[in-house]
Amino acid sequence: MATPVYPQLKLTYFEMPGRAHVSRLALVVAGIPFEDERISPEAWPALKPTLPYQQMPVLTVDGQVFAQAHAIERYVGSLSGLYPTSNRLHALVVDEIVDFLDDITKLLMPSFVEQDPDKKKALREELAATSLPRMFGLLEARLVGLPSKGPWVLGSISIADLAIHGLMLMMTSGFLDHIPQDLCDPYTRTMDVFRAVQTHPKVVEWFAKFD
């Protein structure tokens, strides 16, 4: 079998997982070579004006620069076999899950930008008591209702699983003050996806580089 020939890829983002997490892991899981360029906060102001939309992540493909996290995820997913290009309904499921995870993340945004500690605490505690359980309950019900019985959203790993992993990593890491790290424990199907990605051999090897 011929060795696949891939374009020259450079993924540019901050040191954190954030909006490059899915694309990074898709390339890692598939074993596709890429340059993982990580930008320091000090270097960001000079780089920002040079980028499309002045945002990261960006993906450089054979010298051409492309932007927008979800567009990059689908492209990388297509290269890696983690986005179902030959089955439109499967692609629809992946897009649906990824978009709903965005809805959950958007709930957290006001608390990220709030500078007053007491107001931030109140926002986070309200989210933990009401909106987040409701949204994770909806996600759990949707995953349980899909034909695949696990551990993946579809029959095999996809960028939807990597997106779930990214959000659950944030939820369980203690990064979010005033939101219990075990808030998502009751959502067993969702947590099964998280653990399946977390224990994937190539993901384990990748994270070990940064310990």
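1. Helices here are DSSP runs of H or I with at least four residues, strands are E runs of at least two, and both are numbered from the N terminus.

2. The model is predicted: local features need pLDDT of at least 70, side-chain atom pairs count only at pLDDT 80 or more, and totals for chains, interfaces and linings use all residues. Residues are numbered from 1 along each chain as its sequence is written, and side-chain values use heavy atoms, without hydrogens and water.

3. Helix 6 covers residues 159–172. Of its 14 residues, 11 are buried (under 20% relative accessible area, 1.4 Å probe, protein chains only). Among them are Asp161, His165 and Met170. The buried residues pack against helices that include helix 1 (21–30), helix 4 (88–113) and helix 7 (188–198).

4. Helix 5 and helix 6 have axes that come within 14 Å and cross at roughly 145°. Axes are lines fitted to C-alpha atoms over the stretch in contact, with angles from 0 to 180 degrees between N-to-C directions. Leu132, Phe136 and Leu143 of helix 5 meet Ile164, Leu167, Met168 and Met171 of helix 6 (contact: heavy atoms within 4.5 Å).

5. Four strands make an open, mixed sheet, ordered 2-1-3-4. Strands pair if DSSP finds at least two bridges between them. Strand 2 (35–39) and strand 4 (64–67) each have a single partner strand, so one side of each lacks a neighbour in the sheet.

6. Strand 3 (residues 58–61) runs antiparallel to strand 4, joined by four bridges. Leu59 has Phe66 of strand 4 as its bridge partner.

Key. The expected span of a helix is 1.5 Å times one less than its number of residues. Buried means under 20% relative accessible area, exposed over 50%, partly exposed in between (1.4 Å probe, protein chains only).
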